[in-house]
Amino acid sequence: MAAVVEHLPPALTASSEPPPLFDGTTRLYISYVCPFAQRVWITRNYKGLQDKIKLVAIDLQDRPAWYKEKVYAQNKVPSLEHENKVIGESLDLVKYLDAHFEGPSVIPEDPAKKEFAEELLAYTDKVNGTIYGSFKGGDAVKASGEVFDQLETALGKFEDGPFFLGQFSLVDIAYAPFIERFQLVLADVFNYDITAGRPKLAAWIEEINKIDAYKVTRQDPKGLVDQFRKRFLTPQ
């Protein structure tokens with residue numbers, strides 16, 4: 001599938017006017033630096049919906065008041081404006097896009113893969129909580145190592161491809177934005193290579209980086225590391 005070249009709109013700030021809301025346009029509200037929003041952005045791209053779903057980027061550090069007042073009361077991203085309603089939550093939105101829009105499915109038909117997918121999706125909160133928590137205080141290398149050992153094992157369950165369910169799916173979409181960040185921060189700040197001794201994880205990272213739908217959502221590595229340093233390593 002050829003990559004779609006898309007001009008990304010600038011992030012809207014507190015001084016920005018809102019788009020013409022509920023005019024029939026389907027809009028995906030994201031932040032370019034939010035890993036949860038990145039999940040839905042990847043799904044949109046993978047299904048080839050760039051012309052069907054308009055991206056609206058929000059500056060989370062200077063977010064416009066109208067976003068909470070008129071779009072999404074939870075005042076978080078991602079959210080989707082579709083058919084005169086707005087819904088949120090990243091994994092729910094990945095499934096929503098898959099069910100309501102055309103394009104290649106990210107949900108497997110095989111029952112065993114569906115069941116394993118739900119197990120891995122349920123595990124994402126523990127993964128993120130464990131690693132983020134270790135950045136705030138604890139042994140980040142030890143905590144991360146245990147998590148990535150579990151993921152290495154998970155990557156060996158199906159042998160029909162390099163991804164979590166063999167073929168690319170919503171599970172890879174759920175994990176990719178976070179592994180992208182963890183790999184960078186652990187290498188830069190803690191001098192820890194998450195792929196060392198984990199050939200399946202190394203292959204997964206190599207293959208996911210070839211997927212155009214994901215590649216165009218990746219952020220500047222230095223910016224991500226600087227963001228983490230400011231959030232977790234700067235004395236409060």
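Axes here are lines fitted to C-alpha atoms, for helices over the stretch in contact, with angles running from 0 to 180 degrees between N-to-C directions. Helices (H or I, at least four residues) and strands (E, at least two) are DSSP runs numbered from the N terminus. The model is a predicted one, so local features need pLDDT of at least 70 and side-chain atom pairs count only at pLDDT 80 or more, while totals for chains, interfaces and linings use all residues. Residues are numbered from 1 along each chain as its sequence is written, and side-chain values use heavy atoms, leaving out hydrogens and water.

Take the helix pair to begin with. The axes of H4 (residues 111–136) and H6 (residues 170–190) come within 10 Å and cross at roughly 20°. The two helices are therefore roughly parallel to each other (angles under 35 degrees count as such). Contact, meaning heavy atoms within 4.5 Å, involves Leu120, Val127 and Ile131 of H4 and Ala174, Phe178 and Phe182 of H6, among others. By class, this contact has 17 nonpolar, two polar and no charged residues (Ala, Val, Leu, Ile, Met, Phe, Trp, Tyr, Cys and Pro count as nonpolar, Asp, Glu, Lys and Arg as charged, the others, Gly among them, as polar).

Then there is the sheet, open and mixed, with four strands in the order S2-S1-S3-S4; strands pair if DSSP finds at least two bridges between them. S2 (54–57) and S4 (85–88) sit at the edges with a single partner strand each, so one side of each has no neighbour in the sheet. Antiparallel strands S1 (residues 27–30) and S3 (residues 79–82) are joined by three bridges, and leucine 28 has leucine 80 in S3 as its bridge partner.

Key:
Angles under 35 degrees count as roughly parallel, over 145 as roughly antiparallel, 65 to 115 as roughly perpendicular and the rest as oblique.
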